[in-house]
Protein chains: 2
Amino acid sequence: MPGPRRSITETEQAIQRRLGGLTLQREAMAAVGNIHRAAAAVRQHLENSVLRPHELTWTGFVVLWVLWIWGEAETWSVAEEAGISKGTLTGISRTLESRGLVVRSAHPEDRRRVLLSLSPQGEKLMEELFPAFNEEEAFVAAPLGPEECLRLAESLRAIVSRLEEHGEQRRRELLDGENLAPRRSGRRPRP
Amino acid sequence: MPGPRRSITETEQAIQRRLGGLTLQREAMAAVGNIHRAAAAVRQHLENSVLRPHELTWTGFVVLWVLWIWGEAETWSVAEEAGISKGTLTGISRTLESRGLVVRSAHPEDRRRVLLSLSPQGEKLMEELFPAFNEEEAFVAAPLGPEECLRLAESLRAIVSRLEEHGEQRRRELLDGENLAPRRSGRRPRP
DNA sequence: CTCATATCGTTTGACATCAAACGACTACCC
DNA sequence: GGGTAGTCGTTTGATGTCAAACGATATGAG
């Protein structure tokens, strides 16, 4: 870490100064802001400690993890669990398959669908990787202690559940009137 | 939300089954796993509610936010605060500059450096965008209540601080012996 | 002054990422 | 049994992402 990086405390003080006048929900802002800071910091650490020696990207690992936990699954379900779009999963699973970690097989009853599962080699990798990964999870969470970890997990779970249950409706309400132009990027209709 | 998505509770039960045999730090795993689930869910919600009508990406917004809070800053510092690499920032600031939201100016004493700041237009956008953004932060954090928000923020801050203080050393220890091949992707040395 | 070394932001190449468009396929209706 | 409406995974195009290489500039030593 080379430069004089601003600490998280300094950042929060600067926010206070900047927002001196405005009336805002400071608690929610602190919580949500720190979720992202923590997620980025933890992801960076895990990528550069556990994953890099195996040349695995974060998302690649998440996909392997999903298949390890849930076993063989259809692609749409894997994308959902991994939190990525189905288009992204196409690329990821292509990469993982080329490395021999994942097997793609046809659905027996519907030729549109594809089933993903771990290869024996992928299974073996996860058995080695997961304990190391968990070791680093414990390292980053060390200052918290078991009880605080569980309370943290519980609070975060409440946020995820809220969005699972009410997020889509909320977005509909917010954007109802507004005419959403189609995304600027993405495939173009043929002329 | 089309398909029968697995809930976060179902996921945690599946993890329990899969890891029945192994000895693991379950509390840390639950905490860290939920940090990422929550971060992804919240980011998705904010992108698709507040940011999309303005055609802003998440990272673009974060960069604007950093400049808004801190004022004019050098690029390396902005990249650090935004949690992205300096190479990525080059692209982002190019995009934001082309939209007239950000101004790039030369450092008065060092012609290698570049200073970034918000344009008046960018300033105006943030004054409009930030309250809306904060409103959605409050929406996602609604089930928690102010005290729980602050406790959540505090726990996350402890994790970020731990990595700020001990992360690099930890990675050095873990990877010391291992010979890290240079990243597969990235620019190649010319022949 | 000169030359080596360090550091800045940019470029590069490989891949990730999203949503819309698409082709292949299934399912339903009459 | 012939259309057609819906759903699957893939392709596409724009942008994001990283770390190493790079060119331009600054700094320091002799």
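This is a predicted model: local features need pLDDT of at least 70, side-chain atom pairs count only at pLDDT 80 or more; totals for chains, interfaces and linings use all residues.
Let's begin with chain A. Seven helices and three strands make up its secondary structure, and from the N terminus the order of elements is α-α-α-β-α-α-β-β-α-α. Some overall values for this chain are gathered here.

| Property of chain A | Value |
|---|---|
| Buried residues | 46% of 191 residues |
| Contacts joining residues at least 24 apart, among those between residues at least 6 apart in sequence | 54% |
| Accessible surface | about 10600 Å² |
| Part of that surface belonging to carbon and sulfur atoms | 48% |

Next comes a helix pair that links the two chains. Helix α7 of chain A (residues 145–175) packs against helix α6 of chain B (residues 120–141) at an angle of about 140°, and their axes lie 9 Å apart. That angle is why α7(A) and α6(B) count as oblique to each other. On the α7(A) side, the contact is made by A:Ile159, A:Arg162, A:Leu163, A:His166, A:Gly167, A:Arg170 and A:Leu174, while α6(B) brings B:Glu135, B:Glu136, B:Phe139 and B:Val140. By type, the residues of this contact are five nonpolar, four charged and two polar.

Finally, which residues have the most contacts inside the largest nonpolar core? They are Leu56, Val63 and Leu64 of chain A, together with B:Leu56, B:Val63 and B:Leu64, in a core of 103 residues. For a closer look, take B:Leu64: with neighbours within four places in sequence set aside, B:Leu64 is in contact with B:Leu56, B:Leu96, B:Leu101, B:Val102, B:Leu118, B:Leu125 and B:Met126.

Notes
Residues are numbered from 1 along each chain as its sequence is written. Chains are lettered from A and ligands numbered from 1 in the order in which they are written. Side-chain values use heavy atoms; hydrogens and water are left out. Helices (H or I, at least four residues) and strands (E, at least two) are DSSP runs, numbered from the N terminus. Buried means under 20% relative accessible area, exposed over 50%, partly exposed in between (1.4 Å probe, protein chains only). Contact means heavy atoms within 4.5 Å. Accessible areas come from the Shrake-Rupley method with a 1.4 Å probe; for residues, only the protein chains shown count as cover. Axes are lines fitted to C-alpha atoms, for helices over the stretch in contact, and angles run from 0 to 180 degrees between N-to-C directions. Angles under 35 degrees count as roughly parallel, over 145 as roughly antiparallel, 65 to 115 as roughly perpendicular and the rest as oblique. Ala, Val, Leu, Ile, Met, Phe, Trp, Tyr, Cys and Pro count as nonpolar, Asp, Glu, Lys and Arg as charged, and the others, Gly among them, as polar. A nonpolar core is a set of buried Ala, Val, Leu, Ile, Met, Phe, Trp, Tyr and Cys residues joined through side-chain atoms within 4.5 Å.
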